[in-house]
Each structure stands twice: as structure tokens, then as C-alpha cells.
Amino acid sequence: RALPPQSENAYLCQIYNLTLLCMEDYIVEPQSVQFLVQHGFDFNKQYSQGIPYHKGNDKGNENQSQSVRTFFLELIRAKKPLVLHNGLIDLVFLYQCFYAQLPDNLGTFTADLSEMFPAGIYDTKYASEFETRFVASYLEYAYKKCKRENCKLKDSSSQHLTVEFCNYSASMSHYIDYRHCSLEEESHNVGGENKVPVCEKFSAYGWCPKGVKCPQSHNIDLIIDEDDKLWEKRKKRKHKWKRRKNTEESAKPFEQESSGKEMELAQNGEEGPPRKQSCYEPAAATQITPISECRPLEENMDTEPEASSDTSAQWEEDQGSTAGTAAQAETHDPPSQGGTHRAGFDAFMTGYIMAYVWMLKKGKNTDAGAGPWLPDCHNKLYLSGKSVPLQVVKSLFSKSSKAHSQKMKLVWASG
């Protein structure tokens, strides 16, 4: 929620984690369960205290009971923009588990979504690639870049993003988990020694099949440091090449050399979103400016460079203790353990990226209420391996589903 006049880019942040339990049979993958356990998910809590839900259409008079479905209807009634990161699967899950049976075709699904969220759907993964043009766009990487860049803006007394958190009484402490999340200082560069090499797969995708057993580093701060250095080298090489092109008069030998450099610039310069992934070469994109955040109010919010085995440290509202970074530096966990994923913390990172990108794009334009937040990202969902997004619109050739039409009547009848 944006705060009143005190600052145009100041937000009050509250994060909620709802532990849910599907009451129907379902299949789990061992790797997925391992990932969740490594990042602190408590399966005992889920099966003993999880809020029950079922898939598909409503059963009986569910709309009159206090359930996840009625809560989801309240979100639709609010007519607020919906912000996700790489959100296509999330939308499928939300629709199927808390709304209605999935339609048979994609056109009907997107038509329904466009009516459910008239204020728009925004995918921060798409924004990270095609608005800010980050080299990598997985969630923790994009968040850390935004934090870093924001911190630079603050240090230079420029317009910057500010986040505040609620103060809770001691009686609430049992229900709130804190996670330290300020920018990591240059601890990983102390002495300039190259401790553990960065895992290239994790660096590019934010995921590594070896998980915590990987002998290489999954430290996001270290990965961003290396990417920034590489970008600086490429910029220097580009300027050097331009100077040579302007001064040298030799023909063919120089043309052969420049053609190779032009190809490299097309992959890593303004011609397309710079990227490390080798699996997907999008069409139009560009280079990105790093992004980040500073200490004061956000000292409370940094993902840990090394995942702790303490499952009680789930992030919800971050206000926090600066003892976190020192403790992390002392740990002797495998070097590959990266920032921890939590539902609440992932939601915070997603919101932070959105707020930062919106601040950059609107600039000094104070008429932010007119039109969509980010017109170029409005109702566009990132598609893996594609250079074009999925447009969430109702086309002239698709109708809304019957189940959706009934639910919309219910939404506004009881609203």
C-alpha cells in the first residue's frame, strides 16, 4: 500500500502466509519436496493446520462459508492489479483451486482472467526482461538488482523507493517470522580472494539440479558482482571497437573482426534482452541497469546468502535484526546454498520489483492514476523460451466460460 504524501514512492508492506492443504489426492515429486524442505517448508504444519481446499467448481453453498474460495472472491471484488513473477502456472493454480474448473481452451481462460482482474495482471519476470533488461530474470536475482540500484539512487539523493513495515506487539511474535534482508556488504570480496566459483547453471536460471550439494556458489550477490564486471568489460570492448572502426581504414580484415563483435553486441547489447541462458534467444530486448535497495527501512529484508537449515525462520514481515549477516558469515553450510524461498518472502520480492520498475517508468509524471501502471507490461505473461508474452485479453473469437459467468454473478451479487 502506498503511504500518504510523505513520499511518493513510500510503501507500507504487510506480508501474509496462508498454509493450505488440498483435500483431494495429488502427486508430489521427490525433488520438489526436497526443495521445499531445504527452504524451510514445514510439512507437519501443513498436514496438521493447513486450511483445506478442493479443486474445480464450488460444492454446495461454499460462498456462504469462510473459506479460501470466499477470500479469493474478495480479492476479485477489490478490483486491484494482480502482480506475479513468472505467473502463468500460478494463475492456473489459483483459478483451478480457488475459483472454478479450468476451461477447455486457452482463449477462454485468458478471457475469464481479463474480467476477473480488470485493473490488470503484471508479470515481474516479463518486466525484468523487457522493461529493465536484466541479464537474468529469476526472482531473487531481479530483486537483488533492484535493491542495489535503488540504494545507488538513495545515495545520490535521487528519487528512490522506500518500504516500511508494521510494528507488532510482543504478543504477536509467535505468529510472525522475520528475515534479515539488507544488502550484503562486501564480505564475499574480502581480501579479493576467489573462494568458491559461481555455479553457471544457477547463475543463469536460479536453479541447479545438484541443489545444496553443488560444490559451487549459489550466492546471488556474488553472481551479480560477476555479471556487473562482465558488463563493464563488454562496454569497454564496445567503445574500443567503435573507436577502431572510426579510425582504421583497413577493409576486409577489420570487417571480419567486426562482424563477430557485432554478433556479440546483438546478443548482449541493446538489440535484445541481455541474457546468460543459452536455451532461448528472444527477439527485441536490451541491456539492463542494476537495481537495489538500501539499509534504513529495508535493512530488514534481505534474502540470506546461505540457506539456513532452521525451518522456523520463515519470512513474513521483515523488520529486522542486523545480527543476521554476521551470523551468516560464520556458518559452514555448503557453499551452494542460496537465498531462501518462502511464500511470503517471494511475494515481497515480487512486489518490490514491481514498485521499483513502476517508479522508474513513471519518472516525474505525477499523474500515475491515469491508465495502467506499466502499459508495456499490462496483461502480459512471460512465456519460457518465447520472445513474445501471453496476452491476457478477451478476443473477439472467445467467450467466457459458463462457470466463470456464474461466479461473476456471485461476486457482485454478494459484494
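Helix H3 (residues 68–77) and helix H13 (residues 402–413) pack against each other at an angle of about 75°, and their axes are 10 Å apart. The names follow a simple scheme: helices (H or I, at least four residues) and strands (E, at least two) are DSSP runs, numbered from the N terminus. Two packed helices are described by the angle between their axes and the distance between the axes. Axes here are lines fitted to C-alpha atoms, for helices over the stretch in contact, and angles run from 0 to 180 degrees between N-to-C directions. H3 and H13 are therefore roughly perpendicular to each other. On this scale, angles under 35 degrees count as roughly parallel, over 145 as roughly antiparallel, 65 to 115 as roughly perpendicular and the rest as oblique.

The model is predicted: local features need pLDDT of at least 70 and side-chain atom pairs count only at pLDDT 80 or more, while totals for chains, interfaces and linings use all residues. Residues are numbered from 1 along each chain as its sequence is written, and side-chain values use heavy atoms, with hydrogens and water left out.

Which residues of H3 and H13 meet? From H3 come Arg69, Leu73, Ile76 and Arg77, and from H13 come Lys407, Leu410, Val411 and Trp412. Contact means heavy atoms within 4.5 Å. By class, this contact of H3 with H13 has five nonpolar, no polar and three charged residues. In this classification Ala, Val, Leu, Ile, Met, Phe, Trp, Tyr, Cys and Pro count as nonpolar, Asp, Glu, Lys and Arg as charged, and the others, Gly among them, as polar.

Lys407 lies in helix H13 and is buried, with a relative accessible area of 5%. Buried means under 20% relative accessible area, exposed over 50%, and partly exposed in between (1.4 Å probe, protein chains only). Leaving aside residues up to four places away in sequence, Lys407 touches Asp58, Arg69, Leu73 and Tyr99. The C-alpha atoms of Lys407 and Ala100 are separated by 8.1 Å, although these residues are 307 apart along the chain.

Eight of the eleven residues of helix H5 (residues 106–116) are buried, so H5 is largely enclosed by the rest of the structure. The buried residues are Thr108, Phe109, Thr110, Ala111, Asp112, Leu113, Ser114 and Met116. What covers them includes H3, helix H4 (88–98), strand S5 (121–123), strand S8 (390–391) and H13.

From its first C-alpha to its last, H7 reaches 24 Å, close to the 24 Å expected at 1.5 Å a residue. The expected span of a helix is 1.5 Å times one less than its number of residues.

H7 is followed by Ser157, which sits in the loop between H7 and strand S6 (162–165). Ser157 has a positive phi of about 60° although it is not a glycine. Is Ser157 buried or exposed? Its relative accessibility is 69%, so Ser157 counts as exposed. Asn379 is another residue other than glycine with a positive phi, near 55°. Asn379 is in the loop between helix H12 (343–362) and strand S7 (380–381), and at 10% relative accessibility it counts as buried.

Two strands pair if DSSP finds at least two bridges between them. Both faces of S1 (residues 10–13) are covered: Ala10 and Leu12 are buried on one side, and Tyr11 and Cys13 are buried on the other. The relative accessibility of Ala10 is 0%. In S6, the bridge partner of Ala10 is Thr162. Ala10 and Thr162 are 152 residues apart in sequence and 4.5 Å apart in space, C-alpha to C-alpha.

The protein as a whole has 13 helices and eight strands. Buried residues make up 45% of its 415 residues. Of the contacts with a separation of 6 or more, 77% are between residues 24 or more positions apart.
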